[in-house]
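Here is my note on the model, point by point. Please read it with the structure open.

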Amino acid sequence: MKVAITSLALLAVCAGQALAQQASAGFRAADLNDDGVVTRAEYDSALNEGFARVDTDRDGQFSLAERLAVGGGPAGGGAPDPDANADGVVTRAEYDAFHGARFIRLDLNRDGRLLASESSGAPR
Ligand SMILES: [Ca+2]
Ligand SMILES: [Ca+2]
Ligand SMILES: [Ca+2]
């Protein structure tokens, strides 16, 4: 009986870890120095990286084609969309405003840093 309880507990712990790992893949990518905290500087550098990854023609904005190429594009169903003026193009200003607001939303205790427990992801 004791064995059964132990393995159940173990199972629960493993499931919890799997969930945490799943949720924090983006977080770990943004946490450059691996200290379990994503500072605003680390977040911004992840933003730059993310922007460069999508902006393949390097014109400083995401065209609809560029967004679709990375599986993005206009968000449906009321999901948050960085394209604030809905013209199909995400400018760097729209991108920064969107993710800046996201950082503030994720930073639950308002200390300017994201903890793994606060964040479920890095900038997209
Ligand atoms: Ca860090
Ligand atoms: Ca572009
Ligand atoms: Ca726009």
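1. Is R110 buried or exposed? This is a predicted model. In it, R110 is exposed, because 7 other C-beta atoms lie within 10 Å, and the cut-off for exposed is 12 or fewer. R110 sits in the loop between α5 (92-106) and β4 (113-115).

2. The backbone at R110 deserves a look. Its phi is positive, about 55°, although R110 is not a glycine. Most residues other than glycine have a negative phi.

3. A86 also belongs on the list. A86 is not a glycine, yet it has a positive phi of about 55°. It lies in the loop between α4 (64-69) and β3 (90-91). A86 counts as exposed because 8 other C-beta atoms are found within 10 Å of its own.

4. Now the overall layout. The chain has five helices and four strands. Starting at the N terminus, the order is α-α-β-α-β-α-β-α-β.

5. Next, burial. The chain has 124 residues, and 15% of them count as buried.

6. Which residues form the largest nonpolar core? There are seven: F27, A30, V38, Y43, A46, L47 and L114. Both α2 (25-30) and α3 (40-54) supply at least two residues of this core. The most comes from α3, which gives three residues.

7. Last, contacts along the sequence. Take the contacts between residues at least 6 apart in sequence: 50% of these join residues at least 24 apart.

Definitions and conventions
Residues numbered from 1 in each chain as written. Chains lettered and ligands numbered in written order. Predicted model: local features only at pLDDT ≥ 70, side-chain atom pairs only at ≥ 80, totals over all residues. Core = buried A, V, L, I, M, F, W, Y, C linked by C-beta atoms within 7 Å. Buried ≥ 20, exposed ≤ 12 C-beta atoms within 10 Å, placed from the backbone. Contact = placed C-beta atoms within 7 Å.
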